[in-house]
Amino acid sequence: MAWFWLILGGAFEVGFTTALRFVDGFRNMPWTLAFLASVTFSMGLLELASRSIPMGTAYAVWGGIGAVGTVMLGMAFFDEPTTTIRLLLILAIVGCIAALKLTA
């Protein structure tokens, strides 16, 4: 169950990094509230998962999920560059996350 919480926490990390794009110096209240809720859930789920998963592994997987998800959203919705090297590097991150899961 800890891995489920960790993956969900990583998804909320994608939520808070995406919301952060729109907070406008924390003046845009709906996006600021979305950011605060997402960061709260994300950190809480990371803490919950780290009770069973070593913290180093949990943090690396959580951060990797957030990084990959944020980059993918940026490419899909915010016109960030989609180059072969970026896609290969994302694949490398996913591979490292999978390897951490297999060795944990």
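Setting aside neighbours within four places in sequence, Thr-32 is in contact with Val-23, Phe-26 and Arg-27. Thr-32 itself lies in helix H2. In this predicted model, the relative accessible area of Thr-32 is 6%. Because this value falls under the 20% cut-off, Thr-32 counts as buried.

With neighbours up to four places away in sequence left out, the contacts of Leu-87 are Met-75 and Thr-82. Between Leu-87 and Val-14 there are 73 residues of sequence separation, and their C-alpha atoms lie 18 Å apart in space.

**Overall architecture**

The protein chain contains four helices and zero strands, and from the N terminus on its elements run α-α-α-α. Its C-alpha trace spans about 40 × 35 × 15 Å along the principal axes. Of the 104 residues in the chain, 33% count as buried. Among contacts with a sequence separation of 6 or more, 63% come from residues 24 or more positions apart.

**Helix packing**

Two packed helices are described by the angle between their axes and the distance between the axes. The table lists these values for two helix pairs.

| Helix pair | Axes come within | Crossing angle |
|---|---|---|
| H1 and H2 | 7 Å | roughly 155° |
| H3 and H4 | 10 Å | roughly 155° |

The axes of H1 and H2 cross at roughly 155°, and H1 is therefore roughly antiparallel to H2. The crossing of these two helices is left-handed. On the H1 side, the contact includes Trp-5, Leu-6, Phe-12, Glu-13 and Phe-16. By class, the residues of the contact between H1 and H2 comprise 17 nonpolar, four polar and one charged.

For H3 and H4, the axes likewise cross at roughly 155°, and H3 is therefore roughly antiparallel to H4. H3 passes H4 in a left-handed crossing. Residues of H3 that meet H4 include Thr-57, Val-61, Ile-65, Val-68 and Met-75. Their counterparts in H4 include Arg-86, Leu-87, Ile-90, Ile-97 and Leu-100. The contact of H3 with H4 has 13 nonpolar, two polar and one charged residues.

In soluble globular proteins, nonpolar side chains tend to be buried together. The largest nonpolar core of this model has 16 residues, and those with the most contacts inside it are Leu-6, Ile-53 and Val-61. Helices H1 (2-20), H2 (29-49) and H3 (55-77) are the elements that each give two or more residues to this core. H1 gives the most, with five residues.

Which residues does Val-61 touch, not counting residues up to four places away in sequence? They are Trp-3, Leu-6, Ile-97 and Leu-100.

Key. Residues are numbered from 1 along each chain as its sequence is written. This is a predicted model: local features need pLDDT of at least 70, side-chain atom pairs count only at pLDDT 80 or more; totals for chains, interfaces and linings use all residues. Side-chain values use heavy atoms; hydrogens and water are left out. A nonpolar core is a set of buried Ala, Val, Leu, Ile, Met, Phe, Trp, Tyr and Cys residues joined through side-chain atoms within 4.5 Å. Buried means under 20% relative accessible area, exposed over 50%, partly exposed in between (1.4 Å probe, protein chains only). Contact means heavy atoms within 4.5 Å. Axes are lines fitted to C-alpha atoms, for helices over the stretch in contact, and angles run from 0 to 180 degrees between N-to-C directions. Angles under 35 degrees count as roughly parallel, over 145 as roughly antiparallel, 65 to 115 as roughly perpendicular and the rest as oblique. A crossing is left-handed if the near helix is turned anticlockwise from the far one by less than a right angle, and right-handed if clockwise. Ala, Val, Leu, Ile, Met, Phe, Trp, Tyr, Cys and Pro count as nonpolar, Asp, Glu, Lys and Arg as charged, and the others, Gly among them, as polar.
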